[in-house]
Amino acid sequence: MRGAKIILIFPLIFLTLFFYLPLVSIIHEGLWDNGFTLKYLIEVLSSSYHRGIILFTIKQALGSTLLTLILGLPGAYIFAKYEFPGKRFLKAILTVPFVMPSIMVALGFILLFGKQGFFTQLIGRDLEILYNWKAILLAHAFYNFPVVVRMVSSLWQRVNPHYEEMAMSLGARGFTLFRKVTLPMLMPGIFASSMLTFIFCFLSFSIPLILGGYKYATIEVDIFTSIMTLLNFKVGSALAIIQITLSFIFMYFYIKSLDLYAKAEEQRIFRTPKKLDFKELLSLRGLLIIFYSLIVFIFIISPLLAVLYDSLIYQGTFSLEWYRRVFSKRYNPIFGASTMIAIRNSLLFGFTTIILSTLLALIVAYVLHRWQFKGKNIFDTLVMLPLGSSAITLGLGYIRTFHKPPLELLGTWYLIVFAHTIIAYPFVLRAISAVLKKIRPNLKEAALSLGAKEWKAFLRVELPLALGGIIVGAIFAFAMSIAELGATYMLYQPEYTTITIAIYRFLGARQWGSASALSVILMVISAISFIIIERIGEEIW
Amino acid sequence: MVKVELRNILWIQGDFKLEINRLEVKEGEFLTLLGPSGCGKTSTLRIIAGFEKPDKGEVIFNDKVVNEIPPYERNVGIVFQDYALFPHMTVFKNISFGLEMRGFSKEEIKRKVKWALELVGLSGFENRYPEQLSGGQQQRVALARALVIEPELLLLDEPLSNLDAKIRERLRGEIKRIQRELKITTIYVTHDQEEAMAISDRIAVMSIGRIEQVGEPLELYYKPKTEFVAKFLGLSNILEVEIKGKKAFVDDYFLKVETTREGKAKIFFRPESVLISKEGIPAKVIGYELLPGRIRLKLEISGQEIIAERFLNELPFEVHAMPDVIKIEILPKDITVLK
Ligand SMILES: Nc1ncnc2c1ncn2[C@@H]1O[C@H](COP(=O)(O)OP(=O)(O)OP(=O)(O)O)[C@@H](O)[C@H]1O
Ligand SMILES: [Mg+2]
């Protein structure tokens, strides 16, 4: 690492300017009024309205996590224990939520569960899922149960069969066996994936905003309304401080649980799943697997199909009218730009985010896994914290930080990209870390001993080996940038409208058809991301 | 060829401390670092290679201090325990990597890779990937990759420990052959004493964090300086004695020793040095074990246990008619007084 410390400058400066500085300005805004004050915090905490929202945010996150576990654990079991025809396909299906923008899924839910929705008509009753906590929980489960399947099944495959056999020979069976022997060994996986789910739901924005209606707001939505509608930065900041504090506490437990998880995953024992052929699929066990697969398939696919179908129906008949409308206008008054501009912006932001966040994550991951130096613990924490910040909080921080010189960046397109970068970077970091961890450090040393300088050893040996993870990380970054709504909405000007903002605007104007048509375009872009990840992406599984 | 010296090396990593006051590897010599797991063999090698910087002391190649020279300029060939072959490169690419770094022309690279592959007996494997090779073949590729750059020093860190016994024996012969052929200074790490004895010009026996003794295999085997070395190589006997004028007393009996020391001491001898005779010290037989053609006797001399090993046909009595007490003798030249 001689002299190579220079590469640390980029992540340090970037994170300082575009994460820590905004964070400081929020704290300043919320705790400062000609001197330190707790006035706004107390104002928020003593209002039953805000308290209700804080409580609901935690409750819905708990509920979502529970639903996610209920949906994910059977999948984890099936994936760990069985090999069956169609498993690969099911795996691929489970990757879909990783890349599907939440605004599109929210629209799908509206089309499914609304009063005229497909699902409502199918069962002939309105279950009042929409604009309710039920829709929020379902949508959150949609996004998170694949994580549970992945993380828990990985541990389940490693549970040493001898433990179970030993316990059985001692007389434990059935549920007792599971509770006393198997479950404790799965706990690190269940805990880590639950924490991740919980944080996601605690900070999620588009889903409660669109599916929660007026009654069911979360802290994230509350901050958004305080700032964008009421223009009350003080209260918004106080809320943000509460949110950050809570989410950092959750983050702490998440990171602890990840350590446990990593240790449990190191176990060498790896049982190959039992193979089920077509005939065995017709046994009770097989039918249960088919049933679960079907539920998963329908659950993931139906919001997408609903959107696709809706975009193709105009006044009761099949037609491309919505697409024609969406594309024909050179200027759409609903979002103040043309659709082509919105697509261009989304792609521009997406690709720039790829470059920035991948570079950032690559350097940070490399330092995390390859370097030892004093204060590395602090470095580890500082680079992980962006995971615990939400889009809206970041947007608020940017508004407070970059509205005046010397950093008057508000209204520029690259400030939006910087926000996307901060939001996407923790996920890119995770993808790259996963592969870098697997590359043994002595490969680099072998290269050094053969005469390669540090950078050459990196370029010729480590980079090619990490490429899969880097590409997957880059695609994540792209998918997240394309899907981002909250921060973008707070920072954009009409000429920087993105596809998601246009969809949001259409939703606000209750133009479902136009929203669907645009969503399909978003879906196509996401599908490309999906295919690339599927091709290279054993890393995320 | 290079002469390697370590001087006053101190390397601290957490609560592990490595201290080497002096270690010299002569030009063209095959030196083995032998020691138990975790004693610092790999760390020593990594310090010589330049992957670790000593906190104190000098690493010297041919009288030149190389502490500040990065690994890629030291011209040292290394074979790691797990080979560290680049998984995304073919055998050819792996071996040519170091040559490319040195800017050789395409033709030269081809010629040299061919030479290296012939040297390790792997011609024809150029286009395979490491995962398509057996453990032994991977090991040879790693060796070829380290040798092709014509290093002045070859470092081998337990290169055979991942292979099964048969291949291990064959490959260690080949490593020795190649080392002789190329006359390359070599430092070899192992914790297998048999391997060390078989292959080395000299052995440095290490205990936790330090070098106990350096010497030729037989010298270490028969003349260990410390109890640690004595116990580490083969079976050993150590007796607590009282020396008075070249006589080492155990209770009332004594063994003749060649020493100028007086007073309490520990003496050492090998099981095969224990002779069974008519005269000598009485020893109680507390057990025996038959080995192919040999017998290992467990004896007791006034409360201290020793082992004797003899060929069966040397026994002055039948195994079935083993007496309870026998008389033993050890020649003074076979006894070492330990520090
Ligand atoms: N990077 C490190 N951080 C902390 N401790 C280390 C590090 N590298 C080595 N050590 C410690 O230094 C000691 C010596 O390690 P080393 O790998 O040199 O032993 P070794 O003799 O090669 O053992 P083995 O035969 O098991 O390979 C060990 O106790 C190890 O725990
Ligand atoms: Mg070692």
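## The largest cavity

The residues around the largest cavity divide into 6 nonpolar, 1 polar and 2 charged. The structure is a predicted model, and it holds 3 cavities of 30 Å³ or more. About 60 Å³ of space lies in the largest of them.

Its lining is made up of B:T42, B:L45, B:R46, B:A49, B:F51, B:I78, B:F80, B:L155 and B:D157. Two elements of chain B, α1 (41-49) and β7 (153-157), each supply at least two of the lining residues. The largest share, 4 residues, comes from α1(B). Rolling a probe the size of a water molecule over the atoms shows where empty space is left.

## The second largest pocket

The second largest pocket has a volume of about 1000 Å³. It is lined by 27 residues, and those closest to its centre are A:R370, A:E445, B:R46, B:F51 and B:E52. B:R46 and B:F51 also belong to the lining of the largest cavity.

Elements of chain A and chain B contribute to this pocket. From chain A, α15 (339-370), α18 (413-438) and α19 (441-449) each supply at least two lining residues, as does β1 (4-13) of chain B. The element that gives the most is α19(A), with 5 residues. By class, the lining has 11 nonpolar, 5 polar and 11 charged residues.

## Helix α5 of chain A

Helix α5 of chain A covers residues 102-113, which makes 12 residues. From its first C-alpha to its last it reaches 16 Å, close to the 16 Å expected at 1.5 Å a residue.

Why is α5(A) described as largely enclosed by the rest of the structure? The reason lies in its accessibility: 12 of its 12 residues are buried, so the helix is largely enclosed. The cut-off for buried is under 20% relative accessible area. The buried residues include A:S102 and A:G108, along with A:I103, A:M104, A:F109 and A:F113. An α-helix has 3.6 residues a turn, so residues three or four places apart point the same way.

The buried residues of α5(A) pack against a set of other helices of chain A: α6 (118-123), α7 (133-156), α10 (206-211), α13 (284-311), α22 (499-508) and α23 (512-536).

## Chain B as a whole

The secondary structure of chain B comes to 8 helices and 20 strands. Its C-alpha trace spans about 75 × 45 × 35 Å along the principal axes. Chain B has 339 residues, of which 53% count as buried. Among its contacts between residues at least 6 apart in sequence, 65% join residues at least 24 apart.

## An open sheet in chain B

In chain B, 5 strands form an open sheet in the order β13-β12-β11-β14-β20, with antiparallel pairing. The edges are taken by β13 and β20 (336-337), each with a single partner strand, so one side of each is left without a neighbour in the sheet.

Strand β11 (residues 237-243) is joined to β12(B) by 2 bridges, and the two run antiparallel. One bridge pairs B:I243 with B:A248 of β12(B). These strands form a hairpin with 3 residues between them, and B:G245 in the turn has a positive phi of about 55°.

## A buried arginine in chain B

B:R172 lies in helix α5 (residues 165-182) of chain B. Is this arginine buried or exposed? B:R172 has a relative accessible area of 14%; buried means under 20%, so B:R172 counts as buried. Leaving aside residues up to four places away in sequence, B:R172 touches B:L160, B:E194, B:E195, B:A198 and B:I199.

Terms used
Residues numbered from 1 in each chain as written. Chains lettered and ligands numbered in written order. Predicted model: local features only at pLDDT ≥ 70, side-chain atom pairs only at ≥ 80, totals over all residues. Heavy atoms only, no water. 1 Å grid on protein atoms, 1.4 Å probe; cavity = no way out; pocket = protein on both sides within 12 Å on 5 of 7 lines; lining within 4 Å. Points joined across faces, edges and corners; volume = space filled by probe spheres on them. Nonpolar A, V, L, I, M, F, W, Y, C, P; charged D, E, K, R; others polar. Expected span 1.5 Å × (residues − 1). Buried < 20%, exposed > 50% of the residue type's maximum accessible area, 1.4 Å probe, protein only. Contact = heavy atoms within 4.5 Å. Pairing = 2+ DSSP bridges.
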